[in-house]
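Open the structure in your viewer and keep the selection tool at hand. We will go from stop to stop.

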Amino acid sequence: MSISHFKVNGLSPRQVAESRAQYGSNTLSFKKENAFLRVIKSLLTEPMVLLLLVTSTIYFILGETGDGLFLGVAILLVAGISLYQDSRSRTALDKLNTISQPHCQVIREGEVENIAIEEVVKDDLLMAEQGATIAADGTIIHSNDFSVDESLLTGESLAVFKDPESKDNRVYRGTIVISGLAIIKVTEIGNQTRLGKVGKSLEAIEEAPTPLELQVNNFVKKMSAAGILVFLLVWGINYFDSYDLLDSLLKGLTLAMSILPEEIPVAFTTFMALGAWRLMKMGIVVKQMKTVETLGSATVICSDKTGTITKNEMALVRMYEMGTDTISDPSRGMTDEGRALIRMAMWASEPIPFDPMELALHKAYKNSFEGKDERPLYKMVHEYPLGGKPPMMTHIFEDQKGHRIIAAKGAPEAILALSGLPAAEFTKVHKALSQLAGQGYRILGVGESTFKGQDFPPKQQNFRFRFMGLVAFYDPPKENIQKVFQAFRDAGIGINIITGDNSITTRAIADQIHFQDEGTLLEGDALLPMDDKELQKTVAHVHIYTRMFPEAKLRVINALKANGEIVAMTGDGINDGPALKAAHIGVAMGQKGTAIAKDSAALILLEDDFSKMVDAIAMGRKIYDNLKKAIQYVISIHIPIILTVFLPLALSWVYPNIFSPIHIILLELIMGPTCSIIYENEPMEKHSMERKPRPFTDTFFNGKELMTSIVQGLMITLGALLVYQYAVQHGYSENLTRAMVFTMLMVSNIFLTLVNRSFYYSLLTTLAYRNVLVPLIIGITSLITLLLIYVEPLARFFEFETLSLQQLGLCVLSGFIFVNWYEGVKWWKRRRFKNQPT
């Protein structure tokens, strides 16, 4: 975009390269904790690692070097898995941070360029407009009613007005433009900025744990507490039975290891981080991890109209000339009065336009006054930013001779209210307004005023304007918006349109896209007098909100939340900040969104494609469902391990110590990665986007889900103990019995992995799901099991005995039966709900 009428050029590519070579890049570098040391530190506080260290030490003291070395290797494997998972999560988050880097506008060689903040160099000319974040420290060289929020540095969230002539004409990195526009010469970048010298890295601030994270952590803590109690109980029973301190300690530690569900926190972190990374690859940047877990619960989406439902391609299609009382098409030529209307509308726009309507007005002015461009001759001397209810804006320009232009544009009602038109002319304007709005056009009123002297009124509403006419823009609906809305409805998600546009235009656009509502609209002014209870009742049946301003939007969001809705809100403007922050899921547009909107939002659509919200919600549901499957798997597989260790010991069976610590850690190492590798990679199940959103409750599992996992675990336990008793009744040795029970548990683990891929669809259906990791992990698990049983050195070390084909078949059959019984439950569910999951 050219800004030749501003008479500023900025740096050339050669000057940019020289400045970067001399002063470096505009990056903030802070001393961060070494990632490797951080992981090692966290490993040393992991309960499972501590148990392994203690158990390994006891084995060495007892002279059982082989077992001690195995547990030492197990510690390294646990550390390796943790480092790998942490690396995957960190890599995903690093990529997320890279792609979500903020951008800014600079002037180089007379053209405005959009670049990443880190590419700004010293002596660059920054162009900062309303809603932007200042990219570096600098000095203002040009401004129009420019104010910034410096609360990041000062703690005071008040607008500070600045201009080139003021005592404080400096701006600082990280502050936000509240109003106006400025061109800033960069004086400090990176760590030399005021923000850099503060020495605090915002990235180093730890986020508070999310509700789901707290639920998972509380569950793990309860399991850990249970493990400690059972450990003390078993240790006590064995000690008073044998008075052998170390041997009884080993038996207690064996049970404690079997209880600890250390896979769950790893799975949670992995699912959330990789989920955010997968969303990023789809063009959806997640700023907060809690958003990933909330996405699947969204019950209402509040959508802006312009740029979300429509294309945000504002074409000037009609003009209403007050003097002639006619509506015309500017593309077919203009009268002198029409050109005067366009001229005044252009002067009421920003000198460097970025809004699509203002870009269209500047273009129309240039085409109408070719060779007579007045813009280089005038300088803005005062600006009244967009404000009021309904909103309007006013600009005051002067040339060197003192000739003054006072131009205003905004909601037609706002300009008309200050024009003092006779009733007859007022009626004509409203007739034209209704005609244009009924076609879905976005309409602005245009006015002109005069004022002598330099002491301008405090408010633009203090001027008396001559109403000149209307300019109408058409922003067509997006081709896919009907499909997007239908996808939301299929997913049980309600849709609200919240816009600053007038009711007639909004209704016309809603009709064009066949928006389904009850026909009731609510305007911002009508909403404000309502008390909270009345508003809560109203928002339950109203789905189109017009002439909305920040306070009204915020009240609608809060009323929906008070009704128990999980609210997603889209927005792109500086005035959308409060509502975006208040919504459970604030969604900003990546291309046309202001810095304040992006800062307030939890999620950014990089391509401004609203259909991506369907993908985001689908991904949110998939991540939550898969995480739940993984944790249910962990619960189910831990129960037989715990009880197979505890019951023979507590009931004084023939072989009370069927498993030792090396067997437990072996089972953990084989089964543990399953939940965070296979289930994280599972595709979304059929009909996931055809069911109602899940309730956003305080508990991760409901009673039925938890009971399902417990019963699955008890059934596997029953099968393992029956295999145990079968071996004992046939006079098998302890090593052979151990090998059969171990094999049965490994087979059960494989079938449980397959069965729990869906709690509704059959195993035969889920086998067709595309997940390349399923055959890989199952193949590795099967191979390890066979090696442990049939390779003599390994079997001897783990105190196993080779199984015959009959014994192996019995273990496989037992594993199949005591897991696959749940296929009958799923069949009953499908029959009951007629192949439609609830």
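## A guided tour

Start with Cys811. This residue is buried, with a relative accessible area of 0%. Next, select Cys302, which is also buried at a relative accessible area of 0%.

Colour the protein by pLDDT. The average is 84, and 85% of the residues score at least 70. Select helix H29, residues 805-820. Among the elements of the protein, H29 has the highest mean pLDDT, 97. Now jump to helix H4, residues 65-99, where the mean pLDDT is the lowest, 62. Then select residues 200-207. Here pLDDT stays under 50. The model has 6 contacts beyond four places in sequence for this stretch. Where pLDDT is low, the predicted coordinates should not be read in detail.

**The eight-stranded sheet**

Switch to a cartoon view. Select the strands S8, S22, S21, S20, S9, S17, S19 and S18, in that order. These 8 strands form an open sheet, and the pairing is mixed. Which strands stand at the edges? They are strand S8 (284-286) and strand S18 (521-523). Each has a single partner strand, so one side of each is left without a neighbour in the sheet. From one strand to the next, the twist averages 20 degrees.

5 of the 5 residues are buried, so S20 is largely enclosed by the rest of the structure. Show the side chains. Val567, Met569 and Gly571 lie on one side, Ala568 and Thr570 on the other, and all are buried.

S9 and S20 pair in the parallel sense over 3 bridges. Pick Ile301: its bridge partner in S20 is Ala568. Keep Ala568 selected and look towards S21. There, Ala568 stands opposite Ile585. S20 and S21 run parallel, joined by 4 bridges.

Move on from S21 (residues 585-589) to strand S22 (residues 603-605). This pair is parallel too, with 3 bridges. Val587 stands opposite Leu603 in S22.

Go to strand S3, residues 125-129. Is S3 enclosed or open? 5 of its 5 residues are buried, so S3 is largely enclosed by the rest of the structure. Both faces are covered. Leu125, Met127 and Glu129 are buried on one side, Leu126 and Ala128 on the other.

Select strand S1, residues 103-108. S1 and S3 run antiparallel, joined by 3 bridges. Find Ile107, which stands opposite Leu125 in S3.

Finish with strand S7, residues 176-188. S3 and S7 pair in the antiparallel sense over 5 bridges. Click Ala128, then Ala182: the two are bridge partners.

Terms used
Residues numbered from 1 in each chain as written. Predicted model: local features only at pLDDT ≥ 70, side-chain atom pairs only at ≥ 80, totals over all residues. Heavy atoms only, no water. pLDDT = per-residue confidence, 0-100. Contact = heavy atoms within 4.5 Å. Buried < 20%, exposed > 50% of the residue type's maximum accessible area, 1.4 Å probe, protein only. Pairing = 2+ DSSP bridges. Axes fitted to C-alpha atoms, helices over the stretch in contact; angles between N-to-C directions.
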